[in-house]
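Hi,

Here is the structure for your review. My notes follow below it.

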Amino acid sequence: MFEKNRGGNLIPIPLAGMMGVMRLRCFYRLDEFAEAIQIFRGTLFRVMAVSGLLGGLLTLGYGVAVILAAPGYWLGYGLAATGVLVGVVLLRLPARLTARAWARHADLREQRTLILDESGITLRTDKGQKQMPWPELARVYETKQIYVFRQQDDFLYIIPRRVLESAKSREDFERLLAEKAGGKRKRVRTTGGWLAPGQKGKG
């Protein structure tokens, strides 16, 4: 449909519900990958870490009790040292597992293109492409740094917030989420403890 402007020229009338094409080019960083891991493996990792940490504290406590009861008994010192070592190892476990998974997926550091339009999302890489029509969207997870679109077949489309550079691109993206995601959006709180010192922002 068209209307006339002040100069008498015909111009198109934007139709309700119509959106343009968003073409986003990006690669992923380790800290963004770590946030994605937290979304889907966070509970498991926390249970593992807490269980191991409690075991370490119990071992440490038993060792200290043995030392107090028999100061010359070396078993107590050994148990206390073991408890401290177990605690340190388990506190660093999430960061180690995340770094190991990142090393196995070198393709995530390669450039990729995500196209969002009226029909859905298309992911293009050097190895091919994958598409998700909007009706197949299962959930959108939002963290401090990324958006994760999960398809019904559990394929993930990850969009870093940093690629939405302009105010207009952020507005267009939010409009798209409101229209296509609806009640499927879920905000996820993440922590920085999943990376070793010096890894934040690393590609």
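**Helix H4 and its surroundings**

Helix H4 covers residues 167-180, 14 residues in all. From first C-alpha to last, H4 reaches 20 Å, close to the 20 Å expected at 1.5 Å a residue. Keep in mind that this is a predicted model.

Which residues of H4 are buried? They are Ser169, Phe173, Leu176, Leu177 and Lys180. Seen down the axis of H4, the buried residues fall within an arc of 100°, so they line one face of the helix. Lys168, Arg175 and Ala178 sit on the other side of H4 and are exposed.

Just after H4, glycine 182 takes a positive phi of about 55°.

**The core**

The largest nonpolar core has 35 residues. Leu114, Leu116, Phe149, Ile159 and Phe173 touch the most other members. Helix H1 (residues 30-69) supplies the largest share of this core, five residues. Phe173 is also one of the buried residues of H4.

**Threonine 143**

Threonine 143 lies in the loop between E7 and E8. Is it buried or exposed? Threonine 143 has 0% relative accessibility, and the cut-off for buried is under 20%, so threonine 143 counts as buried. Leaving out residues up to four places away in sequence, threonine 143 touches Glu35, Ile39, Arg161, Arg187, Val188 and Thr190.

Best regards

How values were computed
Residues are numbered from 1 along each chain as its sequence is written. This is a predicted model: local features need pLDDT of at least 70, side-chain atom pairs count only at pLDDT 80 or more; totals for chains, interfaces and linings use all residues. Side-chain values use heavy atoms; hydrogens and water are left out. Helices (H or I, at least four residues) and strands (E, at least two) are DSSP runs, numbered from the N terminus. The expected span of a helix is 1.5 Å times one less than its number of residues. Buried means under 20% relative accessible area, exposed over 50%, partly exposed in between (1.4 Å probe, protein chains only). The arc is that of the directions from the helix axis to the C-beta atoms. Contact means heavy atoms within 4.5 Å. A nonpolar core is a set of buried Ala, Val, Leu, Ile, Met, Phe, Trp, Tyr and Cys residues joined through side-chain atoms within 4.5 Å.
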